[in-house]
Amino acid sequence: MPAQALKPVPPDKRRYVREMFSNIAPRYDRLNRILSLSIDRSWRKRAVARLAWESCPGGVFLDACAGTLDLALTLARRPAFRGRIVATDFALPMLRLGSRKSGGSAVSAAVADTLQLPLPDRAFDGATVGFGVRNLTDLGEGLAELARVLKPGARLVVLDFTTPHFGPLRAVYLFYFRRLLPLVGRLVSGHATAYNYLPDSVRDFPPPEDLGRQMEAAGFSHCEHELLSGGIAAITWGVR
């Protein structure tokens, strides 16, 4: 247990998360690079590789909880990719900043809540979520909604933080996540609680094995996962 208790998230988690990400949006990308030592870029490339987009290079893909579009742009910039990506998020300032990076890419941004996507059934050839499902107020409902908009045989790929099992690495990771990350995040972002919320949300998020089971309950099959960087993060994927 850390010396300084983490501040609890207000009961209205949806409103808190949307306002928090809207407030830290201007410094979000910079903080990601600092706090992850830029290793998050390689994680996104691995996640895109698990999407199996090569089987449908001209297809239409969804990036939900898209933030500043880093994951969507990782796919859009694959040399053989010829399709389109719809990037959704309920924090408009995040999407606005991401759109400045997209240039003439195949990414279209739209404000939408992953729990209630304004999208037709079976519309997408694949979907990704990077560091986002952890913030949903109802994980099962969000996974079911993602299953709804995917075509049969399409993949959902989820990239998110997890907690390492290996003792020494786990101890270092927890010290960094609970002590250093909130301090650096608060100093750079200027937000009082955003980077206290992050380690708390990771602590409460199911490990990849359990996430895979929840994906199966939502309608996915053949769910698998891959640990990254010693178990600091994980990719979990399944087939609709």
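Helix H1, strand E1 (60–64) and helix H3 each supply at least two residues to the lining of the largest cavity. Helices here are DSSP runs of H or I with at least four residues and strands are runs of E with at least two, numbered from the N terminus. This is a predicted model, in which local features need pLDDT of at least 70 and side-chain atom pairs count only at pLDDT 80 or more, while totals for chains, interfaces and linings use all residues. Residues are numbered from 1 along each chain as its sequence is written, and side-chain values use heavy atoms, with hydrogens and water left out.

**The spaces inside**

The cavity has 27 lining residues, and Cys-65, Asp-89, Phe-131, Gly-132 and Asn-135 lie nearest its centre. H1 provides the largest share of this lining, four residues. On a 1 Å grid over the protein atoms alone, a cavity is a set of points where a 1.4 Å probe fits but cannot get out, and a pocket is an open set with protein on both sides within 12 Å along at least five of seven lines; lining residues have an atom within 4 Å of a point. Points are joined across faces, edges and corners, and the volume is the space filled by probe spheres set on them.

The structure holds two cavities of 30 Å³ or more.

| Space | Volume | Lining by class |
|---|---|---|
| Largest pocket | about 580 Å³ | 23 nonpolar, three polar, three charged |
| Largest cavity | about 350 Å³ | 14 nonpolar, seven polar, six charged |
| Second largest cavity | about 60 Å³ | nine nonpolar, two polar, one charged |

For the second largest cavity, the elements giving two or more lining residues are strand E5 (150–161), helix H8 (208–217) and strand E7 (233–239). E5 gives the most, with four residues.

If you turn to the largest pocket, about 580 Å³ in volume, you will find 29 lining residues, with Leu-35, Ser-36, Phe-161, Phe-177 and Leu-181 closest to its centre. Helices H1 (13–36), H2 (40–50), H6 (167–189) and H7 (194–204) each give two or more residues to that lining. H1 again has the largest share, nine residues.

**The nonpolar cores**

A nonpolar core is a set of buried Ala, Val, Leu, Ile, Met, Phe, Trp, Tyr and Cys residues joined through side-chain atoms within 4.5 Å. Buried means under 20% relative accessible area, exposed over 50%, and partly exposed in between (1.4 Å probe, protein chains only). In the largest core, of 46 residues, Phe-21, Leu-75, Ile-85, Val-107, Phe-161 and Tyr-195 touch the most other members. H1 contributes the largest share of this core, nine residues. Apart from it lies another core of 29 residues, including Leu-62 and Leu-136.

**A closer look at H4**

In helix H4 (residues 92–102), Met-94, Leu-95, Gly-98 and Ser-102 are buried. Seen down the helix axis, these buried residues fall within an arc of 90°, so they line one face of H4; the arc is that of the directions from the axis to the C-beta atoms. They pack against H1, H3 (70–76), strand E2 (84–89) and strand E3 (107–111), where contact means heavy atoms within 4.5 Å. Arg-96 and Arg-100 are exposed on the face turned away from the buried side. Just after H4, Gly-103 takes a positive phi of about 55°.

Conventions:
Ala, Val, Leu, Ile, Met, Phe, Trp, Tyr, Cys and Pro count as nonpolar, Asp, Glu, Lys and Arg as charged, and the others, Gly among them, as polar.
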